[in-house]
Amino acid sequence: MNVRRLIERLNALLSRIPEALLLLFTRIAVGHVFWASGRTKVEGWGLSPSAVDLFRNEYKVPIIPPETAAIMAATMEHLLPLILLLGFGTRFAALGLFGMTLVIQIFVYPDAWWLHAMWLAALAWIIAKGGGALSLDHLLARRIR
């Protein structure tokens, strides 16, 4: 078998990977990053004291008081990944995480652009495509039609 034919077969095989499966995997992977970060900010049912200290001493997000920023971040880092995982309001959840990533990039860790670029690329794909066929959005849209 020649190389050209092998490449054509490989391309044909890889193009059969379902987009819905790729979108689900992307939703899980990027959602986990934010969920794990949110888990570090809470103890039991409340905000951990170290989370506020983190916003006061390391993150230093402008305008928003550290206490408010910590609560907002912990809430969004739990809520948006859950919404993303379920695929319910998927584009809006991804858009919220996209905005959080921009804030992190600009104000918190500007030298980690390479990592944030990966998150932004994954989130941009979800924003553009939606949750895919393996999402509540898709299921609800089918029921409405």
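Let's start at Lys 41, which touches Gly 46, Leu 47, Ser 48, Ala 51, Phe 55, Tyr 59, Ala 73, Ala 74 and Glu 77, leaving aside residues up to four places away in sequence. Keep in mind as you look that this is a predicted model. You will find Lys 41 in the loop between helix α2 and strand β1, which covers residues 42-43. Is Lys 41 buried or exposed? Its relative accessibility is 2%, and buried means under 20%, so Lys 41 counts as buried. One of the residues it touches is Glu 77, and the side chains of Lys 41 and Glu 77 are joined by a polar contact of 2.9 Å.

Two packed helices are described by the angle between their axes and the distance between the axes. Here, helix α2 (residues 19-39) packs with helix α4 (residues 66-86) at an angle of about 160 degrees, and their axes are 8 Å apart. Angles over 145 degrees count as roughly antiparallel, and α2 and α4 are therefore roughly antiparallel to each other. The crossing of α2 past α4 is left-handed. On the α2 side, the contact is made by Arg 27, Ile 28, Val 30, Gly 31, Phe 34, Trp 35, Ser 37, Gly 38 and Arg 39, while α4 contributes Glu 77, His 78, Pro 81, Leu 84, Leu 85 and Leu 86.

With a relative accessible area of 30%, Val 33 is partly exposed. Where does the chain come back towards this residue? The C-alpha atoms of Val 33 and Pro 81 are separated by 8.6 Å, although the two residues are 48 residues apart along the chain.

Helix α6 (residues 113-129) and α2 pack at an angle of about 135 degrees, with 10 Å between their axes. That angle makes α2 oblique to α6. Here too, α2 passes its partner α6 in a left-handed crossing. Which residues meet? From α2 come Glu 19, Leu 22, Leu 23, Thr 26, Arg 27, Val 30, Val 33 and Phe 34, and from α6 come Trp 119, Ala 122, Leu 123, Trp 125, Ile 126 and Lys 129. This contact divides into ten nonpolar residues, one polar and three charged.

How values were computed:
Residues are numbered from 1 along each chain as its sequence is written. This is a predicted model: local features need pLDDT of at least 70, side-chain atom pairs count only at pLDDT 80 or more; totals for chains, interfaces and linings use all residues. Side-chain values use heavy atoms; hydrogens and water are left out. Axes are lines fitted to C-alpha atoms, for helices over the stretch in contact, and angles run from 0 to 180 degrees between N-to-C directions. Helices (H or I, at least four residues) and strands (E, at least two) are DSSP runs, numbered from the N terminus. Angles under 35 degrees count as roughly parallel, over 145 as roughly antiparallel, 65 to 115 as roughly perpendicular and the rest as oblique. A crossing is left-handed if the near helix is turned anticlockwise from the far one by less than a right angle, and right-handed if clockwise. Contact means heavy atoms within 4.5 Å. Buried means under 20% relative accessible area, exposed over 50%, partly exposed in between (1.4 Å probe, protein chains only). A polar contact is a pair of N or O atoms within 3.5 Å; within protein, one must be able to donate a hydrogen and the other to accept it, and residues adjacent in sequence count only if both atoms are side-chain atoms. Ala, Val, Leu, Ile, Met, Phe, Trp, Tyr, Cys and Pro count as nonpolar, Asp, Glu, Lys and Arg as charged, and the others, Gly among them, as polar.
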